[in-house]
Amino acid sequence: MPREVKALFRDDAYLSTAEGTVSAVNDRGGIILDQTCFYATSGGQPGDTGFLERADGSKIAISATVCGENKDEIIHVPSNNQPPPSVGEKLVTHIDWDRRYKLMRMHTACHLLTVVCPYPITGASVGEEESRVDFDIPEMDGDKASVSAALMNLVSANHPVSTKWITEEELAANPALIKSKNVRPPSGAGRIRLVCIGDAASVDSQPCGGTHVTETQEVGDIHIGKIEKKGRENRRFRIRFGPLPAN
Ligand SMILES: [Zn+2]
């Protein structure tokens with residue numbers, strides 16, 4: 001039976017710690033809580049790492065967070081040889097905030113790249129040091145320098161980043177919101193989470209369940225490290241932190 005978990009990061013991506021109660025420990029040792037600030041791997045963003053603190057102050061190290069049978073189930077995967085908690089035990093969850101904050105900045109940068117490159121997305125992966133977004137672009141103008149400059153314009157403009165929920169019917173009436181060529185947002189849940197950039201979503205809005213910063217300036221310095229051709233029509237953009245290195 002999948003258990004629904006209150007996903008605290010959806011309303012507050014800046015929550016690095018929270019209280020939770022163990023609702024189950026699965027047959028592989030995965031720990032399920034009634035609520036958590038740990039993000040589970042999905043949508044190209046890796047799940048959180050960190051630790052669960054027990055009442056006596058001891059720690060259960062968490063090396064990964066994954067979804068269960070459905071996306072509403074969040075499973076904290078302990079590192080090797082961690083003591084299992086008991087069902088009903090109260091724990092304090094602590095995510096590795098430095099890592100998560102980099103992922104939030106990078107994930108937001110990926111959204112900005114889809115504004116600069118308004119082409120169908122064929123794949124994406126968010127990383128701490130580097131992220132990549134693949135687009136279906138038969139011909140393109142622009143290079144690392146011009147795309148990096150356009151990205152930094154959006155960062156410096158300090159656009160607000162917010163979320164709002166819409167119905168499946170609203171999404172169906174606005175198919176242009178979906179930028180992904182192959183992946184469709186999950187349907188059946190009745191509601192879709194939109195991530196909006198700019199006042200009244202003037203810069204961008206697209207369905208996304210990940211974690212983002214709340215102002216584009218927080219992304220900080222980023223640049224395009226590489227643009228690779230993948231196949232006849234696909235181009236892979238690698239986003240890295242820091243200013244564009246001078247050649
Ligand atoms: Zn996102």
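Is Cys110 buried or exposed? I started my notebook with that one, and Cys110 counts as buried because it has 22 C-beta neighbours inside 10 Å.

**Ground rules**

I am working on a predicted model, where local features need pLDDT of at least 70, side-chain atom pairs count only at pLDDT 80 or more, and totals for chains, interfaces and linings use all residues. I number residues from 1 along each chain as its sequence is written.

**Entry 1: Cys110 and its surroundings**

I found Cys110 in helix H1. Helices here are DSSP runs of H or I with at least four residues, strands are runs of E with at least two, and both are numbered from the N terminus. I then listed the contacts of Cys110, leaving aside neighbours within four places in sequence: Ala124, Val126, Ser131, Val133 and Ile239. For a contact, the C-beta atoms of two residues, placed from the backbone, must lie within 7 Å. I also checked Arg132, which is 22 residues from Cys110 in sequence and 7.7 Å away in space, C-alpha to C-alpha.

**Entry 2: Ala109 and Ile239**

Ala109 is in helix H1 too. I count Ala109 as buried because 25 other C-beta atoms lie within 10 Å. Beyond four places in sequence, Ala109 is in contact with Ser131, Leu151, Val219, Ile222 and Ile239.

**Entry 3: the nonpolar cores**

Which residues have the most contacts inside the largest nonpolar core? I have Ala109, Cys110, Leu113, Val133, Leu151 and Ile239, in a core of 39 residues. H1 gives the most to this core, with seven residues. Each of domain 1 and domain 2 supplies at least three residues to this core. By a nonpolar core I mean a set of buried Ala, Val, Leu, Ile, Met, Phe, Trp, Tyr and Cys residues joined through C-beta atoms within 7 Å. I also noted a second, separate core of seven residues, including Val161, Leu194, Val195 and Cys208.

**Entry 4: H1 against H2**

I looked at how H1 (residues 97–116) meets H2 (residues 144–156): the axes come within 10 Å and cross at roughly 120°. The axes are lines fitted to C-alpha atoms, for helices over the stretch in contact, and angles run from 0 to 180 degrees between N-to-C directions. H1 passes H2 in a right-handed crossing, the term for a near helix turned clockwise from the far one by less than a right angle. On the H1 side I see Ala109, Leu112, Leu113, Val115 and Val116, which meet Val147, Ala150, Leu151, Leu154 and Val155 in H2. The residues of this contact divide into 10 nonpolar, no polar and no charged. In this sorting Ala, Val, Leu, Ile, Met, Phe, Trp, Tyr, Cys and Pro are nonpolar, Asp, Glu, Lys and Arg are charged, and the others, Gly among them, are polar.

**Entry 5: the two domains**

How far apart do the C-alpha centres of domain 1 and domain 2 lie? I read 27 Å. The chain is divided into domain 1 (6–95) and domain 2 (100–241), with bounds from an automatic or database domain assignment. In contact across the boundary are 11 residues of domain 1 and 13 residues of domain 2. The side of domain 1 that touches domain 2 has five nonpolar, four polar and two charged residues.

**Entry 6: Arg100 and Trp97**

Arg100 is in helix H1 and counts as buried because it has 26 C-beta neighbours inside 10 Å. Not counting residues up to four places away in sequence, Arg100 touches Asp48 and Ile95. Trp97 is in helix H1 as well, but I count Trp97 as partly exposed because 16 other C-beta atoms lie within 10 Å.

**Entry 7: positive phi**

Most residues other than glycine have a negative phi, and so I looked for exceptions. Asn158, not a glycine, has a positive phi of about 50°. I found Asn158 in the loop between H2 and strand E11 (161–167), and Asn158 counts as exposed because it has 11 C-beta neighbours inside 10 Å. Ala201 has a positive phi near 55° and lies in the loop between strand E12 (191–197) and strand E13 (204–207). Ala201 is partly exposed, with 17 other C-beta atoms within 10 Å.

Terms used. Buried ≥ 20, exposed ≤ 12 C-beta atoms within 10 Å, placed from the backbone.
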